[in-house]
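Student: I have the sequence and the model open. Please take me through the strands, a helix and the chain contact.

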Amino acid sequence: MKKISIYRPSTVDEAIQILSQHGTEAGVYAGGTDLLIRLKNRLHQAPTYLVDIKTIDNLRYIKEDAQGGVEIGAATKLAELADSRLLQDKYPMLVEAVNKISSPELRNASTLGGDLLQEVWCQYLRGGYSCWRNGGYLCYGAIGDNSYYHSAMGGRLCYAVYPGDAATALIPFDARAKLATPQGLKELSIEQLVPGDMMVDGRIQSHVVRFNEILTSVFIPPPKPGLRASFEKLRPRGVWDFAMASLAISLQLRGKTIDDARVVFGGISGKPYRETTVESFLKGKTLSAELGEQAISVALANAAPLKYNATKIDMAKGLLASGLARLNA
Amino acid sequence: MQTIEGLLLDPVGCLAEFPSGPFHEVAVRLFERKGKASRSGSRSYWHLLNLIEAAGVPLEGQRKNLAESLEAEAVADASIYEDVLPVLAELRTMGIRLFIASSLSRSAVTNFIERGSLGEFLSGIWTRDDRLPGAAEGVKSAPLLAALGGASLPPDKAMFLTDTAEGIKAARIAGVHPILMMNDPDEARRLAMHKPAGGVVSLHEIPDFIRLIVAQNKSRAE
């Protein structure tokens, strides 16, 4: 492992100052379940200067505001989200999704911010191949084994899938991310935060956070009455694994009539993939046992699987049918 | 990698899928090559270039006419990739100079450019029939060297797109960055062993590739 320096700032402003000083050589260190593994695997792209934000005390909380929305500090552990009564009562689908992220041990260490902004888990990147995200100019996943960790919906230079589950589950609630930047506070939707395969500061990354910016919190608006949501995830093993395909779906219901819908697939694309065609299809429909079959007929029409991962699309469609069936039960 | 200023393009395998048969037939009739034609038009083309280069003398007279007539067939049957026109237009907008640097004959290249309406995007055309005075011999890398010399383009600021091992080698001889067109994943996996400077799944990734290099150089300079 290369030599690293760790800073322990006590405020967000101080952290931003340190990040600005070291440029892309520095990285935010919170739970460490992604960053430390990249260092251990000797990845060229891993930072040399770690800015430990665990020592900043106002980044770890779950609190409700006066309007009934909930704000979660970026350094809050996933286990704390999973155990939160408040989140369980207001957004049970989010808690269900968090409980399906890796293992209990890792949820005790991983943070919400880390899950949202984690690096991809492509085996070629993690194996130290000189790919787009690791100092090179080629995607080995596009030409190698792409059955698990690569996009079936096309790519932009890098074909790895966005691995996080929290973002997929937060989008149906129209959650927003707050970032501290040298210019002040910035607010983005979760979709804007992780648009997939972005070129930021000369790097390919799944999110838009610049080298000198810090994700500080996520705000989830209050759920409207009649909102029902479900999270489904398929993975090679019951714990540990990332999604082969996942689905977060929410329906705004009036009786059995769908007034609004959010359909977000995970594990199939370089970003949480919002399937707006299915959302439009569902609007105005009556929730019924047959709706799933009808919905999958219009889903993911622009799929572009690689050689070995067409099955991800079948899985995603299957999840759509089972998710709708679950919400109808 | 240095900021890229120019792109060298060979129509075969880079801008279009060519049939294998005509190149194989030239190899059979002029060089007594035996065996079946490769399924890949690019591979047959580069095999033919190997044979021409190994013979050590340029094609002339009837041999030249035969090769050119079969190349004309290949051009007529080539399927131009659908992203070629928008990508070339985008690259031109970005200020990237585009050159054809091909070991096809001039007549074949001219026909190809006309077929694809590519002329307006190109800053120069170099074929196996064009050599700068005193330029190195070698049918494979000579058009690349001629293009670089003719355009005063520094080789480390140029890319050559190719989908064969021979193309990678020719680019290295010319000093330009060989970029692998990963048209077929299995073939590309083998070719990645030849350590190209980069690789793209399709031509539409080239503008982003060049933008990334610009961003990386800017980030390093800061």
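Tutor: Two strands pair if DSSP finds at least two bridges between them. Helices (H or I, at least four residues) and strands (E, at least two) are DSSP runs, numbered from the N terminus. The model is predicted: local features need pLDDT of at least 70, side-chain atom pairs count only at pLDDT 80 or more, and totals for chains, interfaces and linings use all residues. Residues are numbered from 1 along each chain as its sequence is written.

Student: In which sense do strand S5 and S10 of chain A pair?

Tutor: S5(A) covers residues 70-73. Four bridges tie S5(A) to S10(A). The sense is antiparallel.

Student: Which residue of S10(A) is the bridge partner of Ile72(A)?

Tutor: Ala177(A) stands opposite a residue of S10(A), Val218(A). For Ile72(A), the bridge partner in S10(A) is Val218(A).

Student: How many residues of S10(A) are buried?

Tutor: Buried means 20 or more other C-beta atoms within 10 Å of the residue's own, with C-beta atoms placed from the backbone (exposed: 12 or fewer; partly exposed: in between). S10(A) spans residues 214-220 and is mostly covered. Of its seven residues, the buried number is six.

Student: Which element gives the largest share of the side of chain B that touches chain A?

Tutor: Contact means C-beta atoms, placed from the backbone, within 7 Å. By that rule, 19 residues of chain B are in contact with 15 residues of chain A. Helix H9, strand S8 and helix H10 of chain B each give two or more residues. The largest share, eight residues, comes from H10(B).

Key
Chains are lettered from A and ligands numbered from 1 in the order in which they are written. Two residues are in contact if their C-beta atoms, placed from the backbone, lie within 7 Å.
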